[in-house]
Amino acid sequence: MKTTIYSTHKFDKPSIENANKGKHQLNFLEFRLTKETALLAEGSKAIALFSSDDASSEVLDILHKLGIKFIALRSAGFNHVDLEKAAELNIKVARVPAYSPYAIAEHTMALILALNRRLIKAHNRVREQNFSLNGLTGFDLNGKTVGVIGTGKIGSVLVKILHGFGCNILAQDIEESKDLIDKYGVIYSDCATLCKHADIISLHVPLKASTKHLINKEHIALMKSGVMLINTSRGGLVDTKAVIEGLKTKKIGYLGLDVYEEEEGLFFEDHSDDILQDDVIARLMTFNNVLITSHQAFLTKTALTNIAETTIYNLDCFEKDKVSGNEVS
């Protein structure tokens, strides 16, 4: 089956080729899927998308006219796809529901530790032969209260890691995990209560209408002064402008982001020779207590292998008219 792979990167192409084993005719493109690049899928029956691709209603109309019948997502999230429009056009959509919760949770922990112990500043100092410790004081994680918003696969792994550090864990989710309560002493509460009591807050929920800008000026106002906020889930969970105000007033003492609400067209690409046009992220980058990574939390060999294998499996199932169990539309 001829399949066009959008947003191909050097880090993921080999794993896709290895998983495919020559079964499908793959057309690799470095371009993101947009209304301008949709025509490049002509002749394909299926496409494979990354989280940065645009599968909005207008784009799906173009794909439908080209004869695209299936979209294989190389991600767990699917907020970049207009599922209602896809269903209307009878375009099937399948995702990779769980590629490695450990990868995301461990990157979350890396952000927490790097921010707390000022590792970036310390590294830069030593490279300049400045061995002073002034301004590098951190805090013990042991005994601190961490609020984990979302205790699905990723949030649950993070809870286990945090428990190993001796943290007290508050959580918020529409479904409470008895296992996490029994094994790790997790206390479930509402979002407002969590914001009031947590020293560190980490987000692990999907982006949908009810979670859009979950972290807003009202919730930030409830937080402890100097709180650490971490987002490795979806950029739209955070009202970035409200967070900037929180940083300016020192209500937010540390900010770790692996995602950004306006990352489309910015993350995953080299803009080192360009003039940065996004004034919001440019402002974020001026704070010395902010650490931003460009959506790399998933980037481990294990995760890439799992993503590729599940993507090819989803293509196999569609070609053979079988149910993969990973369908979202």
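Q: How much space lies in the second largest cavity?
A: About 40 Å³. This is a predicted model, where local features need pLDDT of at least 70, side-chain atom pairs count only at pLDDT 80 or more, and totals for chains, interfaces and linings use all residues. Residues are numbered from 1 along each chain as its sequence is written, and side-chain values use heavy atoms, with hydrogens and water left out.

Q: What makes a space a cavity and not a pocket?
A: The way out decides. On a 1 Å grid over the protein atoms alone, a cavity is a set of points where a 1.4 Å probe fits but cannot get out. A pocket is an open set with protein on both sides within 12 Å along at least five of seven lines. Grid points are joined across faces, edges and corners, and a volume is the space filled by probe spheres set on the points. The whole structure holds 2 cavities of 30 Å³ or more.

Q: Which residues line the second largest cavity, and how do you know that they count as lining?
A: They are Asn231, Gly235, Val238, Thr240, Leu257, Val259, Tyr260 and Glu261. A lining residue has an atom within 4 Å of a point.

Q: How does the lining of the second largest cavity divide by class?
A: It has 4 nonpolar, 3 polar and 1 charged residues. Ala, Val, Leu, Ile, Met, Phe, Trp, Tyr, Cys and Pro count as nonpolar, Asp, Glu, Lys and Arg as charged, and the others, Gly among them, as polar. Glu261 lines this cavity and, as a Glu, counts as charged.

Q: What lines the largest cavity?
A: Its space is about 60 Å³. The lining is Phe11, Asp12, Ser15, Ile16, Phe50, Arg74, Phe298, Leu304, Ile307 and Ala308. Two or more residues come from each of helix H1 (13-20) and helix H12 (301-319). H12 gives the most, with 3 residues. Helices here are DSSP runs (H or I, at least four residues), numbered from the N terminus. By class, this lining has 7 nonpolar, 1 polar and 2 charged residues.

Q: Why is H1 called oblique to H12?
A: The two helices pack at an angle of about 45°, with their axes 8 Å apart. That angle makes H1 oblique to H12. Under 35 degrees would be roughly parallel, over 145 roughly antiparallel, and 65 to 115 roughly perpendicular; the rest is oblique. Axes are lines fitted to C-alpha atoms, for helices over the stretch in contact, and angles run from 0 to 180 degrees between N-to-C directions.

Q: Which residues make the contact between H1 and H12?
A: H1 supplies Ser15, Ile16, Ala19 and Asn20, and H12 supplies Leu304, Ala308, Glu309 and Ile312. Contact means heavy atoms within 4.5 Å. By class, there are 5 nonpolar, 2 polar and 1 charged residues.

Q: Which residues lie closest to the centre of the largest pocket?
A: Gly152, His204, Val205, Pro206 and Ser233, out of 45 lining residues. The volume is about 1,200 Å³. The lining of this pocket divides into 19 nonpolar, 17 polar and 9 charged.
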